[in-house]
Amino acid sequence: MNRSAFYRKCYTRVTCIGRSVTNYSSIVLSVALGDLVSWTFTNDYPKRIFSGIQPSGGLHLGNYLGAVQKWIELQNNGENIVWSIVDLHSITLPHDPKELNDNILKMTATLLACGIDPKKSILFQQSTIPLHTQLCWVLGCITTLPRLSRLPQFREKSQELKVIPLSLYIYPVLQAADILLYKATHIPVGQDQVQHIQLAQELAVKFNKRYGDTFPVPHSLVNEDASQRIKSLRDPTKKMSKSSQDEKSKIEILDEPDVIREKIKKAVTDCTSRVTYEPETRPGVSNLVIIHSMLTGKSPDEICPEVESLDTGKYKMVVAEIVIEKLTPLREEFLRLIREPIYLQEVLKTGTDKAMEIASDCWYEVQSKIGFEGDVFRQNEKHVQNISRKL
C-alpha cells in the first residue's frame, strides 16, 4: 500500500467513527495580480482551481450569478476543479449543530441542482479531511499577529462582538490552508476576499523560501465586476448578503415564485417612475436592471429602451418573472435531490476520497520538509492497520 492510499484508509476509518458528529456537517477569495506572483519559484504546477462555500444559510441570487454560475462554466470547460463545503469555517462564530448538520446536505443538494457535476469536478466536505487543520497549524507558525490584525473582516466583525473568539482571528490562515493543501493555482473570487487571498500568497512564498519549493502561489480569477454585483433589495448601496437579517433584502435560490414576486415588488427604488440605468444616482432601479441583464445576457443599454413604456412598478414584475423562470428548475431539482440523502452522502464521500489523494500527497511533502519524521508513520503502519481493522 502506498503512503497516499494508507493515509486515505486511516482517515476514512477515523471519519467513519465520527460520522454521527461530523459527516453531515464562501469563500470566495480574491487577489489582484501583482509583484507578489513573481516571487514564486520556477517549478511549473498543473493548473488546479479551488473554491469553497460555507453551508450557513442558503444560496441567494447574488451567490448564484456572481460565483456558482461561473463555477459551472469553468467545470464545463474541462478545468481541474476542487469544490469544498467549508463547514469548519461555519463554526467560527456560535452556531446550531443540528442546523449546521442539515445545512451541509442542503448545500450539497443546492450545488448539484445548480449544475455542479461530481463526475467532472471534486465536491467534498472540508471537515472530513483533517489535513486542513494540520496544515493550518503549520502555516499559523509562519504568520504573525500584526499581519492578521490588518485584515478588514476581522476588524469589521469583531466590532459587533463583546467576546471575540480566536477562530475569528485565525480563520484566514485556515482559508490559506484550504487552498495550498490542494496546490491550487487559481481561485475564483470576489472583491471582498482580496486581502485574504493575498495572505495565502504570502504564506506560500514564505514557506517556499524557508523550506524549499512546495506550493504554487495562487492566482485569482476575479469572478465579479463591481458594476455587475447584485445589491440588497432593501439597501441597494450594499451587496446582497447571506448574513443579512432582513429576508426581503435577498432572493434565495429556493424561494417560491410568490415569495420572489413579493420581494421584488418591495424592492427599494426611488420616486422617478422611468426605468434607467444610473448606478450612482439611482442604485435601486439600476440593481433591477443588472439582475435583468445577468439573467438574459442583454446589456443595460438594450434593456432600458425595451421597457421605456413601463414604470418601475410594472418593471419590477417583469424582472420577477425572469427570475422565477430561471430559478424554478433549480428549486425543483433541489427538492428532488434533498429527498435522496443517501445519494448526497455518497457524493460527498466520493469527493472526500478524491480530495484525500491530493491532500495526503501534499501533506507528506510538507511534513518531510518541516522535520516531521515520515518514517515514524511508516514504522507504525502495521499497528495502525490492525487497529483500523478492529474498529
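Reader: What is the handedness of the crossing where H4 passes H13?

Author: In this predicted model, H4 passes H13 in a right-handed crossing (right-handed if the near helix is turned clockwise from the far one by less than a right angle, left-handed if anticlockwise). Local features need pLDDT of at least 70 and side-chain atom pairs 80 or more, while totals for chains, interfaces and linings use all residues. Residues are numbered from 1 along each chain as its sequence is written, and side-chain values use heavy atoms, leaving out hydrogens and water.

Reader: At what angle do H4 and H13 pack, and how far apart are their axes?

Author: Two packed helices are described by the angle between their axes and the distance between the axes. Here H4 (residues 97–114) and H13 (residues 312–337) pack at about 135 degrees, with axes 8 Å apart. That makes H4 oblique to H13 (under 35 degrees is roughly parallel, over 145 roughly antiparallel, 65 to 115 roughly perpendicular, the rest oblique).

Reader: Which residues of H4 and H13 make the contact?

Author: With contact meaning heavy atoms within 4.5 Å, H4 brings Lys106, Ala109, Thr110, Leu112, Ala113 and Cys114, and H13 brings Leu330, Glu333, Phe334 and Leu337.

Reader: Is Gln125 buried or exposed?

Author: Buried means under 20% relative accessible area, exposed over 50%, and partly exposed in between. Gln125 is buried, at 1%, and lies in strand S3 (residues 122–125). Its side chain makes polar contacts (N or O atoms within 3.5 Å, one able to donate a hydrogen and the other to accept it) with the side chains of Asp87 at 2.9 Å and Ser127 at 3.2 Å.

Terms used
Axes are lines fitted to C-alpha atoms, for helices over the stretch in contact, and angles run from 0 to 180 degrees between N-to-C directions. Helices (H or I, at least four residues) and strands (E, at least two) are DSSP runs, numbered from the N terminus. Buried means under 20% relative accessible area, exposed over 50%, partly exposed in between (1.4 Å probe, protein chains only).
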